[in-house]
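Subject: Handing over a structure

Hello,

I am passing a structure on to you today, and I hope you enjoy looking through it. Please open it first and then read my notes below.

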Amino acid sequence: MNRGAGATGQGPQDAPAALPGPTTPTTARHRPGESRDTSRRGDGLRALSGPAPPATTRGAVILVTGLALTGFDAWLASRWGAYGSLFYVKELVQVVVWLLAGALVARLRPATAMGMLMMLLGLLLAADAPAAFALEDTPPPLRVLVTAGLLLTALQLPLGAHVFLAYPSGVVRDRAGRAVMRAGYAFGAVWAFILLVVGPPPARGRCVDVCDPLALIDNPTLQMAGAKGLAIGTALLVTVGGAVIVRRYALAGRRERRTLAFPAVAMVATALLWAAVNTQAAMSPLVGQDILGPTLALAQFAALVAVPASFFMGLLRERLDEARVSDLARHIAELPAERLCAALATALGDPHLTLAFPLADGHSDAEGRPLDLARARRGRAVTAVGDTRAPIALLVHDPSLSRQPALVEAVSAVAHLALENARLQAAVRAQLAQVRASRARLVSAGDQARRRLERDLHDGAQQRMLSAGLALRLLRLDLAARAPAAETMKLLDEAEEELRTAGAELRELARGIHPAILTVQGLGAALRQLVLRGKAPVHLDLDDLPRLRPEIEATAYFVVGEALTNAVRHAAASRIDVRARVRDGRLIVTVADDGAGGASALPGSGLAGLADRVAAVDGTLTLHSPPGQGTELTVDLPCA
C-alpha cells in the first residue's frame with residue numbers, strides 16, 4: 001500500500017505502511033485548580049461495571065464499511081494484483097487491525113472520540129489501498145477508482161497525525177499538537193493537489209503502485225520533483241510530530257505516563273521509521289532502494305500494527321484501574337479514617353492524592369492537621385465530593401483523572417459515607433488539636449508568669465529584705481557603742497533571725513515558683529540543684545541533656561520536684577533514683593523510690609495536676625505504684 005510521499009517509486013517490498021499519529025495530552029478537561037461536582041449522580045459501581053452503551057450508529061457504519069472495503073481490496077488484489085500474496089496480506093492486516101482496535105476502544109471509551117478516529121483511519125487505509133496494489137490491465141472504471149485512492153493517500157499523514165496527537169482523550173489539547181495537526185492537513189491538501197496535477201513519479205521498469213495513473217500533466221520531471229518535495233515535507237512533519245510526543249511524555253504526570261508508556265514508544269518508533277522511509281525516497285537514487293527499502297517497509301509495518309494494539313492496551317489498562325473501585329466498595333466500611341486517603345489513592349491510581357476537609361476557618365487533612373489548599377492544588381485538579389457549595393471533601397488529584405469522570409464519580413459515590421465520617425473525625429481532631437494548642441499556650445503563659453514572679457521576688461522583696469538586714473546590722477553597731485540594755489539586744493537578735501528565716505523561705509518560694517537556674521543553665525543544672533536540696537538520698541543519672549523548649553524543661557523539672565516531695569513526705573522512701581535522657585527525639589524522665597507505694601493520680605491531687613500539665617505539652621505520664629513495692633513515675637515529653 002502506498003504510504004509515503006516518496007513511496008510511489010517503490011516496489012512491493014518497499015511500499016511503506018500508513019502513518020497514524022500519536023498524542024499524549026498533558027492538559028486535562030478540568031485545569032488544575034478547577035473544581036467539579038461529583039454529587040450523588042447514581043451509584044458509582046453501576047457507573048463503571050454496568051452494561052456499556054452500544055456503539056453509535058456512525059461507528060458501526062464506519063466499521064462495516066471499512067471491513068467491506070477490505071474485502072473488496074482483497075478481491076482486486078487477487079484479480080489484478082502484480083505483487084505476491086504476502087504483500088497484500090501485510091497491507092490488509094494493518095487495515096483490519098486499525099478498524100478492530102478502534103471498535104474495541106470505542107467500546108471501552110464510548111464518551112471519547114478516540115475509537116471513532118481510529119476507525120476513520122482504518123477506513124481511509126481501506127479506501128486508498130488500491131493505489132498501492134500495482135493493479136495491471138484494469139478496465140477504465142477501475143483506473144478512476146485507483147486514481148481516487150491515490151488522491152486519498154494524501155490524507156494518511158494528516159489523519160494519522162490527528163489520531164496520534166489525540167491519544168488517549170480523542171481531542172488534541174496542547175498548542176504544539178494543534179499546530180502540527182493543522183500543518184498536517186494543510187500539507188495533505190498540497191499533496192492531493194500535486195498528485196491530481198502531475199500524478200506519481202513514473203516507475204523505473206516494472207509497474208509500481210498505480211500502473212496507469214490519470215494525471216492532468218504527464219511530465220516525468222515534474223512528477224519526480226513533486227515526489228521528492230513531498231517526501232522531504234513528510235519527513236520534516238513527522239519528525240516534528242515525534243518531538244511533540246516525546247515532549248508530552250516528558251511533561252506528563254506519573255499516572256498519565258502509565259497510560260502513555262507503550263503507545264508513546266510505538267508512536268515515536270513509527271514516526272522515526274516514516275521519516276526514514278521518506279528521507280530514503282527523497283535521496284533516491286543516491287541511496288539504493290534495494291538495500292534499505294525492504295527493511296524499512298517491514299519495520300514500519302510492524303510499528304504501525306503495534307500502534308493500534310498499544311492504544312487499546314493503554315486504554316484497557318485505564319479500564320482495569322476502574323475495576324479497583326469494586327475492591328474499594330468491599331473494604332471501605334472497615335477502613336479507619338486515617339487509611340481512607342491511601343485506599344482512595346489506590347483506587348484512583350494516584351499515589352499523591354490528597355484529601356481536604358472544609359472547616360469553618362480553612363481546610364484540614366484526614367488527621368485533622370491544617371492544610372494549605374492553595375499550595376496543595378498547584379499543578380493538580382480538584383474534585384468536590386457532594387454539593388460544590390458545601391462539599392463533604394475535596395479530592396486533590398492528578399489532572400489526567402479529569403478525563404475519567406466516571407471513575408472519579410464512582411469512587412466518590414462509593415466513599416461518600418466513609419468521607420462523611422472521615423470529615424467528622426477530621427473536624428474532631430482539628431478541634432482537639434486546637435484544644436491541645438490552647439492548653440500548651442496556657443502552660444507557656446503560666447511558666448512565663450512564674451518566671452516574672454520569680455524575678456519580681458528576687459529583684460523586689462528579696463532585695464528589700466537584704467536592705468532591712470543591712471540596716472539591722474548597722475543598728476547593732478550603733479547600739480554597741482552606747483551600751484544598750486540586754487532586752488534591746490535580745491529583740492535585735494530575734495529580728496535578725498526572723499529576717500533570715502523570712503529570706504530563706506522567700507528564696508525557697510521563688511525556687512518553687514520557677515528556679516532561675518532552670519532559665520539560665522537548663523534542665524540538667526536545675527535537677528542537680530534540686531537533688532542537692534533533697535532530704536533523702538537521691539541517685540541522679542543524667543545524659544548530656546540539650547537545651548529544650550522552656551515549657552518542656554519546666555514540665556520535667558516540676559514532675560521531678562513533685563515526685564521527690566511525695567517520696568519523702570508520703571512514701572517514707574530511703575532511696576530515690578532520678579534518670580533523664582533523650583531517645584529518638586523524646587525526653588524520658590523517670591523517678592523511682594523504694595517507699596510505701598500505693599500512689600494514684602486522683603482528681604485534685606498533685607499527680608493529677610502533673611498529668612494534665614504533661615498532656616498539655618503532648619507528653620504522657622505513666623505511674624506504677626503497687627502497695628508496698630515503691631513507686632515509679634515516668635514522663636515522656638517531645639523534644640521539639
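Here is what was found, from the whole chain down to single residues.

A word on the basis first. This is a predicted model, in which local features need pLDDT of at least 70 and side-chain atom pairs count only at pLDDT 80 or more, while totals for chains, interfaces and linings use all residues. Residues are numbered from 1 along each chain as its sequence is written, and side-chain values use heavy atoms, with hydrogens and water left out.

**The chain as a whole**

The chain holds 20 helices and 11 strands (DSSP runs numbered from the N terminus: H or I of at least four residues for helices, E of at least two for strands). Among its 640 residues, 48% count as buried, meaning under 20% relative accessible area with a 1.4 Å probe, protein chains only; exposed means over 50%, and partly exposed lies in between. The accessible surface is about 29,900 Å², and carbon and sulfur atoms make up 61% of that (Shrake-Rupley method, 1.4 Å probe). Of the contacts with a separation of 6 or more, 75% join residues 24 or more positions apart; a contact means heavy atoms within 4.5 Å.

**A pair of helices**

Do look at helix 18 (residues 523-532) and helix 19 (residues 550-569), whose axes come within 10 Å and cross at roughly 15°. Axes here are lines fitted to C-alpha atoms over the stretch in contact, with angles from 0 to 180 degrees between N-to-C directions. Helix 18 is therefore roughly parallel to helix 19, a term for angles under 35 degrees. From helix 18, Leu523, Ala526, Leu527 and Leu530 make the contact; helix 19 brings Glu553, Ala556, Tyr557, Val560, Gly561 and Leu564.

**Backbone details in the loops**

Most residues other than glycine have a negative phi, and most peptide bonds are trans.

- The peptide bond from Tyr167 to Pro168 is cis, with omega near 5°. Pro168 sits in the loop between helix 6 (156-166) and helix 7 (175-198).
- Ala572 has a positive phi, near 50°. It lies in the loop between helix 19 and strand 8 (576-583), and counts as exposed because its relative accessibility is 66%.
- Asp584 also has a positive phi, near 55°. Its loop runs between strand 8 and strand 9 (586-593), and at 82% relative accessibility Asp584 counts as exposed.

Best wishes

Key: Parallel < 35°, antiparallel > 145°, perpendicular 65-115°, else oblique.
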